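User: I am new to this structure and would like a guided walk through it. Could we begin with the terms?

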Amino acid sequence: MENLIEAPPEVRLSGANARCGVAPCDEAAAVELRGTPLCPQHFVPVCTQEMESRGERLKNGYYDVAATQAFKNFIAACAEHASKFMQNDSLADGLTKTRLEEFLRRVSQMGQRLRRSPRMSSSVPIYLRREDSGRTWEEETWTITVSQHGASLVCRHPVETGGSLVLSRRDRANRVQARVVYCRYNSEGWREIGVELLDRDDFWGLAPAARIQPS
Ligand SMILES: [Zn+2]
């Protein structure tokens, strides 16, 4: 688990002679969705269903960096292929183009919903650094959740509970010392760590700006 395994793209161009995998259709396939070849007509309903069900899962489940990133990649790939079909008269007739247009609208709505999701705001880009002599490393990562005095985040390097790390925000110049309070593998197989922030108040800017201090 030292290195991230790059997941293969979920949507990709299909092989030259592949036929659509949605029975009883036998049209030439244009793309593959995780190995299932799809013609442009069937690309739309299959990908719409996939998109809707993953959107629901993210809405109902807790925010997960890896799943959200994979979903964003999926949406981007869907949009890219749908746009290409639209421009290709030999792949898409009039009716298919109308459906592709509708599909592209839903894709863009889903993209906006993902960006607006309140849990997204807890995804803060971070440089995570270990500064012990002889075992220094740094990686770019994101928080999964943040709280006033802590955070959970994905960490690709092995760390031990009680270990010291430095978090620097990639979006500003802040840095903070932190102690690892837990380390586990989440449902996506990523190493997730929890840290307690040590030497700064309100590192994330969570405190209401106008709060009046009790006297
Ligand atoms: Zn088909």
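Analyst: Buried means under 20% relative accessible area, exposed means over 50%, and partly exposed lies in between, with a 1.4 Å probe and protein chains only. This is a predicted model, in which local features need pLDDT of at least 70 and side-chain atom pairs count only at pLDDT 80 or more, while totals for chains, interfaces and linings use all residues. Residues are numbered from 1 along each chain as its sequence is written, and side-chain values use heavy atoms, with hydrogens and water left out.

User: Is Cys25 buried or exposed, and why?

Analyst: Cys25 counts as buried because its relative accessibility is 17%. Cys20 is buried as well, because its value is 7%.

User: Which residues coordinate the zinc ion?

Analyst: The zinc ion is coordinated by Cys20 (SG), Cys25 (SG), Cys39 (SG) and His42 (ND1), at 2.0 to 2.3 Å. Donors are N, O and S atoms within 2.8 Å of the metal (3.2 Å for Na, K and Ca); water is not among the atoms, so sites may look incomplete. Along the chain, these donors follow the spacing C-x4-C-x13-C-x2-H.

User: What is the arrangement of the four donor atoms, and why?

Analyst: The arrangement is tetrahedral, because the four donor atoms subtend angles of 103 to 115° around the zinc ion. Four donors count as tetrahedral if all angles lie between 85 and 135 degrees. The ideal angle for four tetrahedral donors is 109.5 degrees.

User: Now the overall layout. How many helices and strands does the chain have?

Analyst: The chain has three helices and nine strands. Helices (H or I, at least four residues) and strands (E, at least two) are DSSP runs, numbered from the N terminus. In order from the N terminus, the elements run β-β-β-α-α-α-β-β-β-β-β-β. Of the 215 residues of the chain, 40% count as buried.

User: Which residues have the most contacts inside the largest nonpolar core?

Analyst: They are Phe43, Phe74 and Phe103, in a core of 23 residues. Strand E2 (31-33), helix H1 (40-60), helix H2 (65-86) and H3 each supply at least two residues of this core. H2 gives the most, with seven residues. A nonpolar core is a set of buried Ala, Val, Leu, Ile, Met, Phe, Trp, Tyr and Cys residues joined through side-chain atoms within 4.5 Å.

User: And what is Phe103 in contact with?

Analyst: Leaving aside its neighbours within four places in sequence, Phe103 is in contact with Phe43, Val44, Cys47, Thr48, Met51, Cys78 and Ala82. Contact means heavy atoms within 4.5 Å. There is also a second, separate core of 18 residues, which includes Trp137, Leu165, Ala178 and Val180.

User: Where is Lys97, and what does its side chain reach?

Analyst: Lys97 is in helix H3 (residues 94-116). Its side chain reaches the backbone oxygen of Met86 at 3.3 Å. Beyond its neighbours within four places in sequence, Lys97 is in contact with Met86, Asp89 and Ala92.

User: On to the strands. How many bridges pair E4 with E5?

Analyst: Strand E4 (residues 125-130) and strand E5 (residues 137-147) pair in the antiparallel sense over six bridges. Two strands pair if DSSP finds at least two bridges between them. Tyr127 stands opposite Glu140 in E5. The two strands form a hairpin with six residues between them, and Gly134 in the turn has a positive phi of about 85°.

User: What about E5 and E6?

Analyst: Four bridges join E5 to strand E6 (residues 150-154), and the two run antiparallel. Thr143 has Leu153 in E6 as its bridge partner. E5 and E6 form a hairpin with two residues between them.

User: Which residues does a cis peptide bond join?

Analyst: A cis peptide bond joins Ala23 and Pro24, with omega about 0°. Pro24 is in the loop between strand E1 (11-13) and E2. Most peptide bonds are trans, and most residues other than glycine have a negative phi. Arg34 has a positive phi, near 45°, and lies in the loop between E2 and strand E3 (36-38). Arg34 is partly exposed, because its relative accessible area is 48%.

User: Lastly, where is Gly194 found?

Analyst: Gly194 is in strand E9 (residues 191-197). Gly194 is buried, with a relative accessible area of 2%. Gly194 and Ile144 are 50 residues apart in sequence and 9.5 Å apart in space, C-alpha to C-alpha.

Key
Four donors count as tetrahedral if all angles lie between 85 and 135 degrees; four count as square planar and six as octahedral if opposite donors are over 155 degrees apart and all others between 65 and 115; anything else is irregular. A polar contact is a pair of N or O atoms within 3.5 Å; within protein, one must be able to donate a hydrogen and the other to accept it, and residues adjacent in sequence count only if both atoms are side-chain atoms.
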